[in-house]
Amino acid sequence: MKNKVDVVLGLQWGDEGKGKIVDVLAAAYPAVARFQGGPNAGHSLQFDGKSFVVRSIPSGIFREGSENIIGNGVVLDPLAFREECRSVAAMGIVPEKRIAISTKAHLILPTHRLLDAVKEAAAGKGKIGSTLKGIGPAYTDKISRQGLRTGDCLTPGFVQKFGEHTAKHLETIKLIAEGAGLDIPALEDKVFGCSLAQYTASWLEAVEFLKGFRLVNCEYFVSSLLERTPLLAEGAQGSLLDIDYGSYPFVTSSNTTCGGVCTGLGVPPSAVGKVFGIFKAYCTRVGSGPFPTELNDSTGEELRRIGHEFGAVTGRPRRTGWLDLVALKYSVMVNGVTHLIMMKSDCLDTFSAIKACTSYKVKGVVTEELPFDLADAEPVYTEFPGWQQDLTGARSFSELPARFTEYIDFIEGYIGVPVKIISLGPDREATIER
Ligand code: IMO
Ligand code: MG
């Protein structure tokens with residue numbers, strides 16, 4: 001292969017600003033691919049005074065002439081995808097011309113969404129805080145070799161097969177609902193805003209819509225593309241939500257880390273080039289699970305307010321906390337990050353002191369390693385004086401205040417990887433490259 005696959009990954013618990021960075025970097029990449037996750041992602045882009053959130057469509061879609069690939073590692077909900085395509089089309093882009101989809105990408109069925117909801121409702125306090133997009137159940141079927149793939153849509157027996165899958169799911173849904181005393185019609189209404197039958201009819205229409213796209217043998221497609229152009233792989237979620245390396249079981253159901261690029265697109269490890277790792281200058285998390293540096297106080301509220309930390313997919317307020325350098329270094333190690341990208345530093349402009357977690361105390365012992373259960377980690381902080389200056393207008397590194405650049409020097413020293421891009425606002429233009 002003449003060209004490389006460069007990768008953009010979130011290094012925290014998602015919502016690091018991957019959409020903006022992929023959109024900025026996409027100017028140099030004729031092709032962008034998603035390799036895992038599904039519509040649980042919400043990647044926000046802002047340009048020309050407009051803002052947009054993509055979920056299953058790669059964030060390269062708004063770059064003139066780009067090729068956008070949905071790889072086999074993704075789980076695709078045809079109905080959510082159709083909605084997204086319609087909003088893209090409203091902006092003058094013809095999605096059918098610009099998106100190619102792997103025939104091996106698994107489908108999210110309506111009953112996967114219902115299963116997600118019934119399992120979460122039955123779990124009570126132990127719930128994951130899933131986005132309820134059916135992600136976990138769709139990947140469960142994939143791994144247990146019972147899934148349906150986009151390529152199946154093209155086969156004559158598809159609707160019948162779909163019916164069989166639905167019936168099997170409904171048996172499980174009934175069992176769980178009965179055990180937890182849950183009312184299924186009420187649940188259907190909550191998840192779909194209508195009955196399962198009504199929703200299914202629209203879903204099947206959306207399958208027809210899906211057939212209007214190029215359904216490709218992704219491995220060959222990507223391989224021949226790499227002979228001509230470089231490719232940018234766009235991660236969804238973050239490393240700390242990875243099924244293997246995240247804060248299990250409070251994770252998503254895919255490999256969000258770099259290895260997922262190979263299995264989710266069909267490219268060999270030797271094809272991977274640069275690995276861009278994105279992190280926010282502080283941390284956020286939506287859903288349940290351990291979060292060592294979480295701030296349940298007025299500082300945390302201040303971060304949420306300044307950073308507009310509310311979910312792009314679910315609207316939920318995000319939990320907020322100080323930057324966790326121990327966790328960040330772990331993510332950099334697992335992914336082999338070559339370039340760090342720091343987001344939303346401007347959200348710390350008004351703070352007189354800024355903290356970063358530089359070690360953990362685990363059962364009384366100080367360590368710089370992530371413990372088996374992240375819930376055991378108590379943060380040990382290093383404090384920095386705030387720069388207390390508005391960063392948003394800066395367009396070159398030399399314009400940045402010394403206290404801020406010293407803070408970046410510290411981060412680079414701790415992690416051992418350079419911070420190559422600093423983002424100081426949601427717009428494409430508010431980006432400094434070094
Ligand atoms: P982007 O790509 C933040 C979280 C959910 C929940 C857990 C499991 O926008 O960064 P799931 O629906 O995947 O089964 O939920 O993962 N989660 C995200 N958090 N950003 C995301 O995506 C997320 N996708 C899933 O809140 O805690
Ligand atoms: Mg998100």
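Which residue in β9 stands opposite Ser 102? I found Val 216 in that place.

I note that this is a predicted model, in which local features need pLDDT of at least 70, side-chain atom pairs count only at pLDDT 80 or more, and totals for chains, interfaces and linings use all residues. Residues are numbered from 1 along each chain as its sequence is written, chains are lettered from A and ligands numbered from 1 in the order in which they are written, and side-chain values use heavy atoms, with hydrogens and water left out.

**The sheet.** I traced ten strands in an open sheet of mixed pairing, in the order β9-β7-β5-β2-β10-β1-β11-β14-β18-β19. Strands here are DSSP runs of E, at least two residues, and helices are runs of H or I, at least four; two strands pair if DSSP finds at least two bridges between them. The edge strands are β9 (214-216) and β19 (431-433), each pairing on one side only. I looked up β7 (residues 99-102) next: three bridges join β7 to β9, and the two run parallel.

**Helix α9.** I recorded Cys 218, Phe 221, Val 222, Leu 225 and Leu 226 as the buried residues of α9, buried being under 20% relative accessible area (1.4 Å probe, protein chains only). Seen down the axis of α9, these residues line one face of the helix, because they fall within an arc of 130 degrees, taken from the directions from the helix axis to the C-beta atoms.

**Ligand 1.** I found a polar side-chain atom of Lys 18 at 2.7 Å from an oxygen atom of ligand 1. For Asn 40, a side-chain N or O atom is 2.9 Å from an oxygen atom of ligand 1.

Key
Buried means under 20% relative accessible area, exposed over 50%, partly exposed in between (1.4 Å probe, protein chains only). A polar contact is a pair of N or O atoms within 3.5 Å; within protein, one must be able to donate a hydrogen and the other to accept it, and residues adjacent in sequence count only if both atoms are side-chain atoms.
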